[in-house]
Amino acid sequence: MASTMQFDEQHLKGMDPRQRVNLVNSLSGFKSANLLATRSATGQENVSIVSSCFHLGADPALMGMIIRPHSVDRHSLEYLQETGVYTLNQVHKDIIAQAHQTSARYPREVSEFAATGLTPEYLADFAAPFVLEAHIKLGMAVAEIQELAINGTVLVIGEIRFVTLPAGVMADDGYVDIEAAGTVALSGLDSYHRTQREGRWQYAKPDKAPATF
């Protein structure tokens, strides 16, 4: 690309707030798209899309997730704090519309499952609902919760307690082909992407040239 655009700190601070939000949310590149499903201690079900899940470790099997500041009602955060469990359900191409609609601010008494046409599903005696329509589903137990001082966002660390996958998407070495499962990615706040794999690369070593499987 011949021409470029540059933004310094002063320019960023002076931008229209909505434009700045869209810009900064796009800069981290492709993000995972998951439906976070919870159930309150009194039985109220909730599901909302999140794009901030990330791998933390394999032994124990941990995933992190960032939830925005609790300046307004965060029903999902409240419910997982109450019960200690939640589920993460990967968004695939056939449920993008319903998944995106869960980001709307429904009243506490309204279940996003019912409002968006998604279906709660209970598996393996797990207390939190899964999303029936999802293909890849994780049952999570809360391991640690931290409020970040820098901006008030909440870091939720969960331990993977249950996994369900479509048949045929896991290779013999454990690799899960999320593309084969139809999983989509998010960029910014509202752009959904289907992916095209360019190849799996062998473990990198200093004395070995890069090579694919």
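**Salt bridges in the predicted model**

A search of the whole structure finds 7 salt bridges, a salt bridge being a side-chain nitrogen of Lys or Arg within 4 Å of a carboxyl oxygen of Asp or Glu. The structure is a predicted model, in which local features need pLDDT of at least 70 and side-chain atom pairs count only at pLDDT 80 or more, while totals for chains, interfaces and linings use all residues. Residues are numbered from 1 along each chain as its sequence is written, and side-chain values use heavy atoms, with hydrogens and water left out.

One of these salt bridges joins Asp173 and Arg200, whose closest N and O atoms are 3.0 Å apart. Asp173 lies in the loop between strand E10 (154–164) and strand E11 (185–187), whereas Arg200 belongs to the segment after strand E12 (191–193), so the pair ties together parts that are 27 residues apart in sequence; strands are DSSP runs of at least two residues, numbered from the N terminus. Arg200 is partly exposed, with a relative accessible area of 27%, where buried means under 20% relative accessible area, exposed over 50% and partly exposed in between (1.4 Å probe, protein chains only).

A salt bridge is also formed by the side chains of Arg197 and Asp177, at 3.0 Å from N to O. This pair links distant parts of the chain, with Arg197 in the segment after E12 and Asp177 in the loop between E10 and E11, 20 residues apart. Arg197 is partly exposed at a relative accessible area of 39%, whereas Asp177 is buried at 16%.

Glu159 and Arg161 form a further salt bridge, in which the closest N and O atoms are 3.9 Å apart. Glu159 is partly exposed, with a relative accessible area of 26%, and Arg161 counts as exposed at 55% relative accessibility.

Conventions. Helices (H or I, at least four residues) and strands (E, at least two) are DSSP runs, numbered from the N terminus.
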